[in-house]
Amino acid sequence: MKEKTNKSLFQKFLNGIEKFGNKLPDPFILFIALAIIIIIASSIFSMFHASVTHPGSGEELPIKNLASGEGIQFILSSMLDNFTGFAPLGLVLAMMLGIGLAEKVGLLDYAIRKTILKSPPALITYTVVFVGILGNLASDAAMVLIPPLAAMVFYKIGRHPLAGLVAGYAATGAGFTANLFIAGTDVLLAGISTEAAAIIDDSIVVTPLDNWYFNVVSVFVITIVGGLITDKFIEPRLGKYKGGAIDAGLEEDHPKAGKAFRNSIIAALAYIILIVITIFMPNSPLRGEGGSIVPSPFLDGIVPIILIFFVIIGVTYGITVEKIKSSRDVSGYMAESMKDMAGYIVLIFAIAQFINYFSWSNIGTWVAVNGADLLKEINFTGIWLIIGYILFTASLNFLITSGSAKWALEAPVFIPMFMQLGYSPAFTQVAYRVADSSTNIVTPLMPYMVIILAFMQKYDKKAGIGTFISLMIPYSVAFLLTWIILILIFFYAGIPFGPGVTPFL
């Protein structure tokens with residue numbers, strides 16, 4: 001009875017969040033309002049001559065007034081650049097050109113029904129989460145590709161598509177701290193950590209492998225946790241899906257669909273073999289300095305490579321089933337896929353302004369640095385210092401969503417401080433990564449949130465920001481608690497976080 005009451009209270013809490021969140025203005029108006037709040041806040045800060053010292057460069061950064069002459073000039077002159085230069089915009093639109101083409105000609109629908117649907121139903125949720133976690137290899141592209149495909153899978157087998165959507169999104173967010181392979185994120189964070197460690201000891205080098213053991217274990221642990229949350233909590237809460245047919249996927253297959261799918265597989269394998277041969281050929285243009293793959297032009301160009309992949313298989317399938325009869329058909333299907341992104345493009349305009357105002361005014365840096373200084377003054381000792389830092393960074397995710405930018409701000413403060421307490425920089429980096437990955441999926445400031453919201457509304461017209469947050473909170477809390485427990489196990493059991501890496505120097 002107590003357990004039932006607790007569940008009821010938690011359900012009421014989530015329902016309350018959803019109800020409150022859905023009463024918020026339309027996301028476009030909401031972010032315009034937040035931009036105005038930043039303008040007002042910058043004026044107040046500048047009146048008191050507030051400033052902050054950047055922990056990396058040591059430069060004194062004043063809070064700049066967006067309502068001043070300089071600020072107004074910035075608002076007007078940067079408005080278009082903020083929009084067109086917003087990194088996720090190009091990534092999303094480019095990916096959707098390829099994915100949209102493959103979807104419009106019917107390839108994705110056929111592939112889902114003839115391959116994934118044959119998997120044991122009990123394993124589909126865990127497969128979605130596992131693939132989503134490994135999607136970090138494709139960087140942010142995973143957040144664009146995997147969640148909508150997961151929703152389609154759930155929809156096709158009669159399960160609630162929103163459950164698949166949020167499971168895929170939660171998994172891709174968690175993937176920045178869990179992977180079986182070394183990814184670009186490992187290289188980027190390790191480089192920042194090495195520079196921060198040099199403040200105390202320039203002989204210490206943090207390598208991309210220093211968190212690898214922890215990352216590998218995390219893949220399987222988070223897959224289980226994410227699958228359980230989806231099956232035992234999210235989907236029962238959503239109930240039976242009562243929406244109508246979403247697309248033409250319920251129609252009978254085209255007579256040549258099987259042949260088209262086979263041709264697409266052949267084309268895909270030929271393309272992959274070509275990429276592999278190019279990577280391993282002498283003096284390959286896809287390899288980095290010294291022949292490295294991490295980092296390399298191959299990883300830097302992973303989004304265009306994926307885009308071309310989907311275009312090739314989409315065109316192959318479309319020609320075989322006679323949906324593509326001329327080059328105009330290709331551009332026509334791509335144009336149709338862009339129509340589906342119209343709401344996202346409008347919303348991005350407002351989000352880009354808000355984020356750039358937050359950055360230009362230096363308010364984001366001020367909040368991050370002063371929050372870090374406050375935590376530094378609290379005399380935590382032992383492992384609870386690390387736990388406190390994890391909770392701090394998890395909260396900071398609601399203000400600064402860029403993982404690399406946030407680490408660039410935090411590392412020069414926390415790595416030297418924790419090194420003086422005897423902790424390894426790689427251990428501090430692990431703490432940062434689990435905090436960042438746990439709450440980046442729930443913050444409304446994450447640029448990819450609007451993509452998920454757009455797909456939510458495809459299946460449920462009434463879905464809003466409140467729906468999104470209420471569905472993501474269980475994953476965020478579960479992942480954060482799970483990772484804290486996992487860190488404690490590694491810490492007390494003396495398990496290395498990477499080759500030769502322990503919590504202590």
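Over which residues does pLDDT stay under 50, and how many contacts beyond four places in sequence does the model have for them? Please then continue to the packing of the helices.

Author: The model is predicted, and the stretch in question is residues 1–6, where pLDDT stays under 50. For these residues the model has zero contacts beyond four places in sequence. Where pLDDT is low, the predicted coordinates should not be read in detail. Across the chain the average pLDDT is 82, and 84% of the residues score at least 70.

We may now turn to the helices. Two packed helices are described by the angle between their axes and the distance between the axes. Helix α3, residues 69–84, packs against helix α15, residues 342–360, at an angle of about 140°, and their axes are 9 Å apart. That angle makes α3 oblique to α15. The crossing of these two helices is right-handed. On the α3 side the contact includes Phe-74, Ile-75 and Met-79, while Ile-348, Phe-349 and Trp-360 are among the residues of α15 that they and their neighbours meet. The residues of this contact comprise 10 nonpolar, four polar and one charged.

A second pair is formed by helix α8, residues 161–174, and helix α21, residues 465–493, whose axes come within 10 Å and cross at roughly 40°. These helices are therefore oblique to each other. α8 passes α21 in a right-handed crossing. Helix α8 contributes Ala-163, Val-166 and Tyr-169, among others, and the contributors from α21 include Leu-471, Tyr-475 and Trp-483. By class, the contact of α8 with α21 has 12 nonpolar residues, with no polar and no charged ones.

Charged residues deserve a separate word. Side chains of opposite charge can pair when their charged atoms come close. The whole structure holds four salt bridges. One of these joins Glu-103 and Lys-458, with the closest N and O atoms 3.8 Å apart. Glu-103 belongs to helix α4 (residues 87–104) and Lys-458 to helix α20 (residues 449–459), so that the pair links distant parts of the chain, 355 residues apart.

Conventions: Residues are numbered from 1 along each chain as its sequence is written. This is a predicted model: local features need pLDDT of at least 70, side-chain atom pairs count only at pLDDT 80 or more; totals for chains, interfaces and linings use all residues. Side-chain values use heavy atoms; hydrogens and water are left out. Axes are lines fitted to C-alpha atoms, for helices over the stretch in contact, and angles run from 0 to 180 degrees between N-to-C directions. Helices (H or I, at least four residues) and strands (E, at least two) are DSSP runs, numbered from the N terminus. Angles under 35 degrees count as roughly parallel, over 145 as roughly antiparallel, 65 to 115 as roughly perpendicular and the rest as oblique. A crossing is left-handed if the near helix is turned anticlockwise from the far one by less than a right angle, and right-handed if clockwise. Contact means heavy atoms within 4.5 Å. Ala, Val, Leu, Ile, Met, Phe, Trp, Tyr, Cys and Pro count as nonpolar, Asp, Glu, Lys and Arg as charged, and the others, Gly among them, as polar. pLDDT is the predictor's confidence in each residue, from 0 to 100. A salt bridge is a side-chain nitrogen of Lys or Arg within 4 Å of a carboxyl oxygen of Asp or Glu.
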